[in-house]
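Dear colleague,

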Amino acid sequence: MTTVHDTAVTTFAGDLSVWPASTTEPRPGDLAVGGVLLAEVADRFGTPVYVLDEAEVRDRCRLYRDAFSDTEILYAAKAFLCRAMIHWMQEEGLGLDVCSAGELELAVTTGFPAERIVLHGNAKSPRDLESALRLGVGRIVIDSPSEIARLAAAVGPDGHQKVMVRVVPGISAGGHEKIRTGTEDQKFGLSISDGYAQHAIARILDQPQLELTGLHCHLGSQITSVKPYLAAVRRIVGLMARLHEQHGLLLPELDLGGGHGIAYRPGEQALDLTTLARKVRAELAEACAAAGLPVPRLIIEPGRAIAGPAGIALYRVLAVKRTGSHTYVAVDGGMSDNPRPALYGVRYAPRLVGRRTTADRAPVTVVGRHCEAGDVLATDVELPADVHPGDLLAVPVAGAYHLSMASGYNLVGRPPVAAVRDGHARLLVRRESLDDIRSRDVGL
């Protein structure tokens, strides 16, 4: 890999504000991230390929530690997880929030301390709970009444497990209706307003082997305003006050989840973490003082805001087709490696990299290779008018909910992940091969 030296580069601003901070232009038309030319990453590892800027991931962890200095920070593994990411989180002092036995066991077998892991899930399988108890997970978040008896039985009369309860504060927040999880009448958590949360908590208190350490809520994803979090604090502290009155209960923890919004395209709004930390602390202190309660330890669970801006997806152009008034640029990936545009209508800002062009920019729609009309990666974006097969397109803000949500559609195989840092690139996750796909097919 070619190392890009600081003396030979021009740093970007403006329309590349959503790219990793290390992004540079060593020569017109070429982009480098972490000191490595993206075109060379594509040549070495093939396309599609995900590029993860290790320094950007670590810097974002430190930004959270600085803003939330007195808070327990858990990285939400569902955004993207691999052994290197687990190692980075451990070195940066973050805990982990996992949603399955698979995520949990990958973390623990990588050497991450189980006591710093929280297990979530609205429908935990027997294997999920067995793995959590066997490995000694720090806390299990109870999401439904039926989990209480199952978990208590699995722990056994002489066992002990710390638990939290996920409550629904009845607050609508998030970038799309499918990722709003703090509202009533959806699958997550136990409602405060209808009394289900209070009833579940009373049942937990009757199980001596379960230690209730606090309440948890997650409002949704891609939240760019502080106000929903402040409303959630008030409602949860109100519930804590009622629990104290009814049961003499003083809960030491309050988990506000994550969902911190990021910008996917230049000019989009992102959640201000410094403002969030300052206002949530003040709101929590004020609400607890008014209720006569001690201030619980705050827990947050960022995922997308750590991994998302650190990732870039690289694709090769396979075809350019002009139909009526539209120009379609087809690439060698699509909804199997990034289903988010099809699911949520997410908008991206792809860029031509690897060659210089003086062509005017023209509106195009970047589409994938899959047999679905909805396989669209970027609608009505501007690319050079001379874009042609063989060109390399780079899509920033691709580190979260891309590969983690990838599928086996059309059996094309999931892309690899390469990390870049200090002028070097290394493979973190290899490409899924045809041999991998064939090996799972065991019958005729």
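The notes below go through the strands, a pair of helices, the nonpolar cores and a few backbone details.

The model is a predicted one, in which local features need pLDDT of at least 70 and side-chain atom pairs count only at pLDDT 80 or more, while totals for chains, interfaces and linings use all residues. Residues are numbered from 1 along each chain as its sequence is written, and side-chain values use heavy atoms, with hydrogens and water left out.

Helices (H or I, at least four residues) and strands (E, at least two) are DSSP runs, numbered from the N terminus, and two strands are said to pair if DSSP finds at least two bridges between them. Strand E6 (residues 72-76) runs parallel to E7, to which it is joined by three bridges, and Ala76 is found opposite Asp97 in E7. On the way from E6 to E7 the chain passes through helix H3 (residues 83-91), and this β-α-β crossover is right-handed; the term applies if, with the strands pointing away from the viewer, the path from the first strand over the helix to the second runs clockwise.

E7 is in turn joined by three bridges to strand E8 (residues 117-119), again in a parallel arrangement, and here Asp97 stands opposite Val118. The chain crosses from E7 to E8 through helix H4 (residues 101-109), and this β-α-β crossover is right-handed. Within strand E7 (residues 95-98), Gly95 and Asp97 point one way while Leu96 and Val98 point the other way, and all are buried, where buried means under 20% relative accessible area, exposed means over 50%, and partly exposed lies in between (1.4 Å probe, protein chains only).

The pairing continues from E8 to E9, which are parallel and share two bridges, with Ile140 in E9 as the bridge partner of Leu119. Together with helix H5 (residues 126-135), E8 and E9 make a right-handed β-α-β unit. Strand E9 (residues 139-142) sends Arg139 and Val141 one way and Ile140 and Ile142 the other way, and all are buried. E9 also pairs with E10 in the parallel sense over three bridges, and Val141 stands opposite Met164 in E10. Here the chain goes from E9 through helix H6 (residues 145-155) to E10, in a β-α-β crossover that is right-handed.

Turning to a pair of helices, the axes of helix H2 (residues 54-67) and H3 come within 10 Å and cross at roughly 40 degrees, where axes are lines fitted to C-alpha atoms, for helices over the stretch in contact, and angles run from 0 to 180 degrees between N-to-C directions. At this place Glu54, Val57, Arg58 and Cys61 in H2 meet Met85, Trp88, Met89 and Glu91 in H3.

Next come the cores, a nonpolar core being a set of buried Ala, Val, Leu, Ile, Met, Phe, Trp, Tyr and Cys residues joined through side-chain atoms within 4.5 Å. The largest one has 132 residues, of which Tyr75, Met85, Met89, Leu215 and Leu314 touch the most other members. H8 gives the most to this core, with eleven residues. A second, separate core has five residues, among them Leu74, Val118, Val141 and Ile299.

Finally, some backbone details deserve a careful look. The peptide bond from Thr47 to Pro48 is cis, with omega near -5 degrees, and Pro48 lies in the loop between helix H1 (38-45) and strand E5 (49-53). Gln222, in the loop between strand E12 (210-216) and helix H8 (227-247), is a residue other than glycine with a positive phi, near 60 degrees, and Gln222 counts as buried because its relative accessibility is 16%. Asp380, in strand E19 (residues 376-384), also is a residue other than glycine with a positive phi, near 50 degrees, but Asp380 counts as partly exposed, at 48% relative accessibility.

With best wishes

Methods. Contact = heavy atoms within 4.5 Å.
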